[in-house]
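Dear colleague,

I am handing over the structure below, and after it you will find a summary of what was found. Please read the two together.

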Amino acid sequence: MTSLSSGVAPMPTKAQIRRQRNRKTMSVLRIVGILLITALWLLPVLWICATAFKSPGDVISLDIFFTPTLDNFAKAVGPNYQLGGRIWNSIIVTVGTLLVAIPSSTAAAYAFSRFRYPGGIVWPIGLLATQFVPAVMIIIPLFILFRSIGLLDTPIALIAVNLSVVVPYAIWMIKGFMDALPMDMEEAAMMDGASRFRALIDVVIPVAMPGIITATIFCFVVTWNEFFYALILTSNDSVTLPVSLMSARTDKGDEWEIMAVIGLTIMVPMMLISRVVQRHFLKGLTAGAVK
Amino acid sequence: MRDSALKWGLLAPAILISIAMLFYPIGRSFWYSLHDWNLTISPQLGPFIGLDNYVRLLTDDPQFWHSVWVSCVFSFFSVFTTIVVSMLMALLLQGSRQLEINVRSILVLAFAMSPALVGISWRFLLAPEFGAADAVIGWIFPRWADVPILADTSTAMVALVLVDVWHWAPYFMLTFIGALASLPQETIEAGQIDGAGRFRIFFGIVLPQLKGVLAIAILLKTIFSIKMLEQVITMTSGGPGSETSTVPHKVYETAFKFYDFGYAAAMAYFLAAAMLVLAMIYSRMLFGGQK
């Protein structure tokens with residue numbers, strides 16, 4: 001970048017030649033490194049995607065070329081695997097979680113950002129600290145609770161548990177944006193006769209939108225992919241996509257092509273949003289860390 | 001006056017969620033841990049036995065201590081490898097040309113994949129005979145050509161660690177890229193002018209400035225590694241034998257295979273105590289300056 005050369009090109013010195021050669025090897029190494037990384041991360045995913053279109057015979061062959069078939073998809077939506085129903089369950093749980101999590105987190109974020117509570121910052125930190133508690137500890141009493149009130153294997157139970165995972169993070173993601181928003185803007189709105197609530201809706205939320213979007217994407221990714229709680233809480237009617245992966249393990253052996261179909265279904269939304277994820281989701285999780 | 005209604009009203013949904021889905025189960029688990037309660041024997045809470053479960057855990061359960069050892073080995077290697085690999089990836093891919101952005105989008109996909117899908121995909125890829133990754137490994141390292149990777153005591157843990165690295169490295173790479181971008185460019189340029197080589201600049205100038213981000217990344221990854229459960233369930237089921245059965249997996253099996261809820265809750269609390277120490281370090285790092 002820092003080019004010191006003027007119009008005249010001087011003879012390169014030995015050191016310069018060596019540096020140039022060094023630079024060349026470095027850039028070759030760089031390209032090799034980038035290719036290697038791409039291969040290591042892309043090929044496994046591609047292989048799984050390809051497997052979804054293979055006949056059972058092709059699945060266990062290592063040939064790169066095969067005749068694609070849609071039979072696996074037909075089989076997956078059939079009565080044994082009920083892919084359609086699983087997709088529907090996943091959508092209900094994800095949408096339900098988002099519909100509760102985002103408004104309640106936004107409200108709490110604003111509250112923590114603008115009001116003083118006895119105990120102060122202890123509460124939002126304590127909320128975040130619960131996320132370090134192992135999932136198995138949370139699920140044992142909830143399993144008993146849901147069993148006793150007949151909510152096992154329902155989307156409601158899954159939505160409730162997912163809320164406990166996403167709300168603490170979402171509050172923090174949104175709160176960061178609200179903290180950065182100067183109080184004056186709200187006060188100006190309130191001066192004009194708007195109630196505090198109106199000021200929140202009209203002034204604060206639009207400005208905090210990037211944080212709310214980040215939190216929404218985060219909640220979406222986490223809930224859509226959630227496996228462990230759903231494994232414990234569902235058995236039949238409310239099985240979600242990640243848990244249904246396990247159903248490809250049958251007595252007759254693993255049906256990998258079905259697993260690949262389900263896997264592909266889980267990945268599709270992630271592929272669609274991976275650009276956005278790169279921009280938002282990761283920023284959200286690291287917002288505290290980078291500061 | 002309206003303000004105070006707003007103050008608590010906005011917080012109410014989040015409080016409700018966290019009491020019902022976080023604080024209640026956390027407290028309830030502790031209560032269970034003081035009881036001898038196997039769900040297969042009685043659907044009601046069993047007899048109160050004080051700290052007997054903890055005594056049994058600490059003095060009379062070599063299998064549990066084996067899982068503690070497994071968790072320590074897994075966490076140490078997965079944290080170390082993830083951090084080193086993701087730092088290397090960050091250095092390679094920190095640019096903002098189209099190539100780097102595209103490669104990063106591919107990498108993010110691995111991170112946005114459901115952990116269950118990651119585990120089950122690699123179980124397929126590493127399967128003997130027809131696993132694509134197994135074939136590649138056998139081709140590069142003929143020594144391992146005939147080793148059933150996930151069924152062999154010496155390689156199952158290596159595979160579990162590397163798959164975890166595969167899953168998490170993209171996330172920490174993006175964290176580090178963010179941190180690298182926020183470094184003051186002058187410090188690096190000063191090094192270049194002084195004629196320092198790439199390695200000198202990285203270890204002497206860049207790395208010391210990344211100390212804070214690095215510390216938090218290591219801590220976060222440690223917590224994620226200790227909590228990691230999905231890949232154990234989907235990839236190895238804790239096997240061969242119990243060679244990859246981490247503490248969360250042990251708790252999961254105790255609770256939902258043997259339904260020994262009281263004892264499982266005690267185990268979960270032991271794990272939580274370890275996490276608590278880490279969480280305290282974490283919050284001190286994040287919020288230490290704000291007191």
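Between chain A and chain B an area of about 8200 Å² is buried, and carbon and sulfur atoms give 80% of that area; buried area here is the accessible area (1.4 Å probe) that two parts lose on being put together, summed over both. On the side of chain A, the residues that lose the most area to chain B are A:Trp41, A:Phe132 and A:Met137, which together make up 10% of what that side buries.

Please keep in mind that this is a predicted model, in which local features need pLDDT of at least 70 and side-chain atom pairs count only at pLDDT 80 or more, while totals for chains, interfaces and linings use all residues. Residues are numbered from 1 along each chain as its sequence is written, chains are lettered from A and ligands numbered from 1 in the order in which they are written, and side-chain values use heavy atoms, with hydrogens and water left out.

Counted by contact (heavy atoms within 4.5 Å), 88 residues of chain A meet 95 residues of chain B. The rule finds 2 salt bridges across this interface, a salt bridge being a side-chain nitrogen of Lys or Arg within 4 Å of a carboxyl oxygen of Asp or Glu. A:Asp254 forms a salt bridge with B:Arg123, and their closest N and O atoms are 2.9 Å apart. Helix H1 (residues 14-51) of chain A gives the most to the side of chain A that touches chain B, namely 14 residues, where helices (H or I, at least four residues) and strands (E, at least two) are DSSP runs, numbered from the N terminus.

Over all chains, the search finds 10 salt bridges. In the one between A:Lys75 and A:Glu255, the closest N and O atoms are 2.6 Å apart. Because A:Lys75 lies in helix H3 (residues 71-77) of chain A and A:Glu255 in the loop between strand E2 (253-254) and helix H13 (256-279) of chain A, the pair ties together parts that are 180 residues apart in sequence. A:Lys75 is partly exposed, at a relative accessible area of 37%, whereas A:Glu255 is buried, at 16%; buried means under 20% relative accessible area, exposed over 50%, and partly exposed in between (1.4 Å probe, protein chains only).

A:Asp179 and A:Lys175 also meet in a salt bridge (3.0 Å, N to O), and these residues, 4 apart in helix H7 (residues 155-180) of chain A, are separated by about one helical turn.

With best regards
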